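Subject: Structure handover

Hello,

Here is the structure I said I would pass on. My notes on it follow below.

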Amino acid sequence: MTQGTVTAGITRLIGNTPLLRVRMFERDFPHVEVYAKAEWFNPGGSVKDRAALSMIEDGERRGALTPEKTIIDSTSGNTGIAYALVGAAKGYGVKLVMPGNVSAERKALVIAYGAEIVYSDPLEGSDGAVLMVRQLVAAEPDRYFYPDQYSNPANVRAHYEGTAVEILEQTTRRVTHFVAGLGTTGTFVGTAGRLKHENASIHTIAVQPEDSFHGLEGLKHLPTAIVPKIWDPGVADEVWGCPTEPAYDLARAVARTEGLLVGHSSGAALWAVRRLAETIREGVVVTVFPDSGDRYISTGLYGAKSK
Ligand SMILES: Cc1ncc(COP(=O)(O)O)c(C=O)c1O
């Protein structure tokens, strides 16, 4: 969009995010160029705007989403905010099932957009929310449009047709490595799948938490979770497990050294980028920063001691 133009609606501003140069590892690895998609530039503040819009518009095209239906899904937060924003913009009711312990900012945001929240047991994590939404939909199937972000190919397509194409254009196809975290796996599977389709030599690394008890909101430890139907291990050259504390440290560091206030999962992406840089020594590495750190202020991410 050029400056000074009028945009038809807020959903038209989803996607086409900036690709930022990240310089924090430059001194140690001068021949590794690092770039990150700044996904908090989406109007709902995260990468999940892309998936939500894609799944909702796919439902409209298929006739599965009609004006009297309520959009329902389980979400650890960012997808909920995205559904709430897109639902409000398009005039649909939105009901979200989320674990009771998601951050206060996230709850407040979806309520601000007029969505309804149903809380699931925090001890059961995101899987508990999935099971609860399935029960609600089974009880009243005609009332709801259930995009099911873990199984919906339109989630993957948002990145296959959007994120990946943008990365190719923004790097003038120089990208050699792609690194991204796994939640629903939509970002990774769609982006890595397209990048490999365009250039089979692009090396792809998926990042998950190191174990099931972790503090990396938005990411899933696949060996102990319900594995998303859209997960395609065939597009990942490697899957790495990231420890929580180093990811937090890097999220804090990138705010202080580069002015990029990012969330925990961006810290995990940086952890993998640094590990990758140690082995390749040269390359054009692209990663995804899924959301901003202002969503996590109440979790104390930035309040801890200086590093
Ligand atoms: C903060 C954050 N990071 C990463 C992800 C992972 O993205 P995806 O669901 O596309 O795998 C999510 C997904 O909800 C998220 O909220």
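I begin with Asn 16, which sits in the segment before β1. Please keep in mind that this is a predicted model.

The phi angle of Asn 16 is near 50 degrees, a positive value in a residue other than glycine. Is Asn 16 buried or exposed? Exposed means over 50% relative accessible area. Asn 16 has 66% relative accessibility, so it counts as exposed.

Thr 185 is another residue with a positive phi that is not a glycine, and its angle is about 85 degrees. Thr 185 lies in the loop between β7 (177-181) and α6 (186-198). For this residue the relative accessible area is 1%. Buried means under 20% relative accessible area, so Thr 185 is buried.

The other item is a cavity. How many cavities of 30 Å³ or more does the structure hold? It holds 1. The volume of the largest cavity is about 30 Å³.

Which residues line the largest cavity? They are Arg 21, Val 22, Arg 23, Phe 25, Glu 26, Val 32, Glu 33 and Val 34. Two elements, β1 (19-22) and β2 (32-38), each give two or more residues to this lining. The largest share, 3 residues, comes from β2. Sorted by class, the lining has 4 nonpolar and 4 charged residues, and no polar ones.

When you open the model, you could look at Asn 16 in the segment before β1, then at Thr 185 in its loop between β7 and α6, and then at the residues lining the largest cavity, including Phe 25.

Regards

Technical notes:
Residues numbered from 1 in each chain as written. Predicted model: local features only at pLDDT ≥ 70, side-chain atom pairs only at ≥ 80, totals over all residues. Heavy atoms only, no water. 1 Å grid on protein atoms, 1.4 Å probe; cavity = no way out; pocket = protein on both sides within 12 Å on 5 of 7 lines; lining within 4 Å. Points joined across faces, edges and corners; volume = space filled by probe spheres on them. Helix = DSSP H or I, 4+ residues; strand = E, 2+ residues; numbered from the N terminus. Nonpolar A, V, L, I, M, F, W, Y, C, P; charged D, E, K, R; others polar. Buried < 20%, exposed > 50% of the residue type's maximum accessible area, 1.4 Å probe, protein only.
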